[in-house]
Amino acid sequence: MSIRPLVILPDSRLRLVSEPVGVVITEIRGLVSDMLETMYDAPGVGLAAIQIGVPKRVVTIDTSKDENARQPQIFLDPEVVWSSEEKRVYDEGCLSIPEYYGEVERPERVRVRFRDLDDKEQEIEADGLLATCIQHEIDHLNGILFIDHLSKLKRDRVTKKFAKAAKRGEAA
Ligand code: NI
């Protein structure tokens, strides 16, 4: 296991559409353990593989926020198969856009189909923070960032700020 460097805005890899995992191979297990270590180190509640530069449809989430009782959840090839009409607004952040937050409205509950590390198909219904988080991470797999859900003004402002910082070779 190792902590991998995070891909930060405006890195164009964040806009890639990630590839399906396909057959679960040893390589994916290694990737997942690196993702978990990187996510816990950050710390963050969710991570998509592209955030460490790997364009595969792999997501790790742990919404427990308790380092003594970790509850990692791993999603391979996740897809939303149902979402509620009711919405929920949450002040989202992203490890690829450090120290920036914005309120995003998303369906309050979703049903997600995915495969686990044993290559078994699973389905869960998520609400609350898990629902928000899984939708945020699935967006990453499609090259979408939470700032895309904000007003154009806010998005342009944060994008410019990070582009300038990247030019200077420092964090925003
Ligand atoms: Ni994110």
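Predicted model: local features only at pLDDT ≥ 70, side-chain atom pairs only at ≥ 80, totals over all residues.
Me: What makes residues 87-94 a strand, and which residue lies in it?
Reply: Strands are DSSP runs of E with at least two residues, helices are runs of H or I with at least four, and both are numbered from the N terminus. Residues 87-94 form strand β4, and E92 lies in it.

Me: Why is E92 called buried?
Reply: Buried means under 20% relative accessible area, exposed means over 50%, and partly exposed is in between, with a 1.4 Å probe and protein chains only. The value for E92 is 3%, so E92 counts as buried.

Me: Which residues does E92 touch?
Reply: Contact means heavy atoms within 4.5 Å. Not counting residues up to four places away in sequence, E92 touches Y100, Y101, G102, V104, R106, T132, H136 and F146.

Me: What makes C94, H136 and H140 donors of the nickel ion?
Reply: Donors are N, O and S atoms within 2.8 Å of the metal (3.2 Å for Na, K and Ca), and water is not among the atoms, so sites may look incomplete. The nickel ion is coordinated by SG of C94, NE2 of H136 and NE2 of H140, at 2.1 to 2.3 Å, and along the chain these donors follow the spacing C-x41-H-x3-H. The pair of C94 in strand β4 and H136 in helix α2 (residues 128-141) links distant parts of the chain, 42 residues apart.

Me: Are C94 and H136 buried or exposed, and how do you know?
Reply: C94 is buried because its relative accessible area is 10%, and H136 is buried because its relative accessible area is 8%.

Me: Which strands form the open sheet, and what makes two of them the edge strands?
Reply: Two strands pair if DSSP finds at least two bridges between them. Five strands form the open sheet in the order β1-β2-β3-β6-β7, with antiparallel pairing. The edge strands are β1 and β7 (121-127), each of which pairs on one side only. On average, neighbouring strands of this sheet are turned by 40° against each other, direction ignored, where axes are lines fitted to C-alpha atoms (for helices over the stretch in contact) and angles run from 0 to 180 degrees between N-to-C directions. Helix α1 packs on the sheet, touching β1, β2 (58-61) and β3, and its direction makes about 40° with that of β2.

Me: How do you know that β6 pairs with β3 and with β7?
Reply: Five bridges join β3 to strand β6 (residues 109-115), and the two run antiparallel; S83 stands opposite V110 in β6. Strands β6 and β7 pair in the antiparallel sense over seven bridges, and the bridge partner of R113 is E123 in β7. The hairpin of β6 and β7 has five residues between the strands, and in this hairpin D119 takes a positive phi near 70°.

Me: Why is the pair of F75 and F114 called edge-to-face?
Reply: Rings of Phe, Tyr and Trp (its six-membered ring) pair if their centres lie within 6.5 Å, and planes under 30 degrees apart count as stacked, over 60 as edge-to-face and the rest as tilted. By this rule the count comes to two aromatic pairs. The centres of F75 and F114 are 4.7 Å apart and their planes are at 65°, so the pair is edge-to-face. F75 in strand β3 and F114 in strand β6 are 39 residues apart, and the pair links distant parts of the chain. Both F75 and F114 are buried.

Me: What makes the charged end of R70 sit over the ring of Y40?
Reply: A charge sits over a ring if NZ of Lys or CZ of Arg is within 6 Å of the ring centre and within 35 degrees of the ring normal. The charged end of R70 sits over the ring of Y40, 3.8 Å from its centre.

Me: Are D77 and E99 buried or exposed, and what is noted about their phi?
Reply: D77, in strand β3 (residues 73-83), is buried because its relative accessible area is 18%, and its phi is positive, about 50°, although D77 is not a glycine. E99, in strand β5 (residues 97-107), is exposed because its relative accessible area is 73%, and its phi is positive, about 60°, although E99 is not a glycine.

How values were computed: Residues numbered from 1 in each chain as written. Heavy atoms only, no water.
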